[in-house]
Amino acid sequence: MLVNIHKLFIIFLLTLLLGVTAQAQEWTLQQSLDTALMHNKTLQMAGNQLTAAELKNQESRSQLLPKVMATADYKYFTQLPYQMLPQAAFGGPEGVYRAVQFGVPHTIMGNVNLRMPIYDPQVMAGIQISESYQELTERQRVKTEEQVYLEVSNLYYNAQILKNQFAFLQANQVNGEKLERNVRLLYEQKLASRTDLDKVILQNQQLESQLFQLESQYLTVLQQLKLVMGLPLDREMDVQTQVQIEESEAPNPGLTSDFRIQEVREKMLGHELKAIKNSRIPSVHLIANYGTTGFGYNGAPESFLDFYPQSFIGAQVSFPIFNGTVTSKKIRQKELELENAAIQKSLVADQTQMHYQAALRQQATAKKQIQTTDSQIQLAESIYAKSILLQQEGLATLTDILLADQSLRSAQQSYLDAMVAYLKATLELKKSSATLLN
C-alpha cells in the first residue's frame with residue numbers, strides 16, 4: 001500500500017513538472033545565444049571596460065593640447081622684507097652693504113600660464129600605449145563574448161542531453177510497467193515467484209527515482225542557462241529535444257582570441273619599452289605667461305593700490321642627464337617581458353593547433369559512435385520486445401528480460417555519451433579555429 005502511494009506521488013509530481021515544462025516556450029540554441037549576447041551581465045561589464053579604454057586613449061591624446069592655468073596670490077607683509085644694498089651705489093665706500101627694509105605691505109598677483117608640448121617623446125609613447133591598451137580591451141571583450149557563447153552552448157547541450165535521457169527513461173518506465181503487470185499476473189497464477197515480482201517492482205521504483213532526480217537536474221540547468229542569458233529566473237523556457245548534428249566541413253584553423261590577445265600584449269610591451277628609451281630624449285615645451293602685480297599701501301600721508309602688468313613667452317627644454325642606473329634597469333626588465341610575451345604567443349599557437357587536431361579526431365570518432373549506438377538502440381529495443389513476447393509464451397525467463405532491458409539502457413547511455421563527446425568536440429573545434437562567433 002505504501003509502495004503504491006509513493007508511486008502515485010512520484011507520478012503526480014512528474015506530471016506536474018512536465019506540464020509546466022510543456023507550457024514553456026522552446027528556445028533554439030541560436031535564440032539563446034542572441035539573447036545572451038544582448039543581456040549577459042559579464043558582456044555588459046566588458047563593454048564598459050572598452051568604453052573606459054577609449055576614454056583613456058582620448059586622455060593620452062589630450063596631453064598634446066595646450067594647458068592653461070590661472071593663479072592668484074595675495075600677501076600681507078606684517079614685516080617688510082629686507083634687501084642688502086651696496087653703499088657704493090649711493091657714493092659710499094666699496095664693499096660695504098646696508099640692510100634696507102622697503103616695499104609695501106599689500107601685494108596682489110594674478111597670472112595666466114600657458115604650457116604646450118612642442119616635442120615630447122613621452123607623450124607620443126603614451127598615446128601608442130593607450131591605443132594598444134584599447135585594442136587589447138577590444139580583444140578581451142571578444143574573448144568574453146566567446147566564453148559566453150561556450151557557456152550558453154554547454155548549458156543548452158546539457159539540457160538537451162538531460163531531456164533525451166528523460167525521454168529514454170520514460171520509455172523504459174512504460175516497458176517496466178508492462179513487465180510488472182505481466183509478472184504480477186504470472187505470480188497470481190503461481191507461474192512466477194515473489195522474488196521475480198519484487199525484482200521488477202524494485203527496478204521500476206529505481207526508474208521513478210531516476211526520473212525525479214533527472215527532472216530536478218534539468219530544471220537546475222535551465223536556471224543556470226537563464227542566468228547566463230540574462231533572463232529573469234522566473235521566466236518559463238524550454239530547450240529543443242532534437243540535437244542538431246552539423247554536416248558541414250571542418251573549419252580551417254584561424255587566429256584565435258588568445259593568440260590575438262598575445263599579439264596585442266607583445267605590441268603594447270614594445271611601446272612601453274620605447275617609452276622608457278624615449279625618456280632619455282629631451283622634450284621641448286612652449287611656455288607663456290601674462291599677469292599683473294598690484295602693490296598697495298593704506299597708511300599716511302597717501303593710500304594707494306597700483307597694478308603693473310607683466311608677460312613673457314618662451315620655450316623650455318628638459319634634458320635628463322643622469323638618474324643613476326634606473327632607466328637601464330627598467331629597459332632590461334621590459335626586454336625580458338617582451339621576450340616572454342613572444343614565447344607565450346608561440347606557445348598559444350602550438351596549443352591551439354594541438355587542440356584543433358584533437359577536436360577533429362574526437363568529432364569524427366563521436367560522430368561514428370553516434371551512428372553505431374543509434375543502431376544498437378534499435379537492435380536492443382527489438383530484442384527487448386521479442387523477449388517480452390517469449391516470456392509471455394513461457395519461452396524466456398525474467399532474467400532474460402532483465403538482461404535485455406540492461407542492454408537497452410547501456411545502448412541508450414552509450415548514445416548519450418557519444419552525443420556529449422560530439423558536442424564538446426564541435427565546440428572545441430570552433431574555438432580552436434576562431435569560428436565560434438561566425
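Tutor: Residues are numbered from 1 along each chain as its sequence is written. The model is predicted, so local features need pLDDT of at least 70 and side-chain atom pairs count only at pLDDT 80 or more, while totals for chains, interfaces and linings use all residues, and side-chain values use heavy atoms, without hydrogens and water.

Student: Why are α2 and α3 called oblique to each other?

Tutor: Helix α2 (residues 29-39) and helix α3 (residues 41-61) pack at about 45°. Angles under 35 degrees count as roughly parallel, over 145 as roughly antiparallel, 65 to 115 as roughly perpendicular and the rest as oblique. The pair is therefore oblique.

Student: Which residues of α2 and α3 meet?

Tutor: Ala-36, Leu-37, Met-38 and His-39 in α2 meet Lys-41, Leu-43 and Gln-44 in α3, where contact means heavy atoms within 4.5 Å.

Student: How do you know that the span of helix α8 agrees with its number of residues?

Tutor: The expected span is 1.5 Å times one less than the number of residues. For the 35 residues of α8 (residues 398-432) that gives 51 Å, and the end C-alpha atoms are 51 Å apart, so the two agree. Just after α8, Ala-434 has a positive phi of about 60°.

Student: What makes Thr-71 partly exposed?

Tutor: Buried means under 20% relative accessible area, exposed over 50%, and partly exposed in between (1.4 Å probe, protein chains only). Thr-71 has 35%, so Thr-71 is partly exposed. Thr-71 lies in strand β2 (residues 67-76), and its contacts beyond four places in sequence are Met-109, Gly-110, Asn-111 and Asn-113.

Note on methods
Axes fitted to C-alpha atoms, helices over the stretch in contact; angles between N-to-C directions. Helix = DSSP H or I, 4+ residues; strand = E, 2+ residues; numbered from the N terminus.
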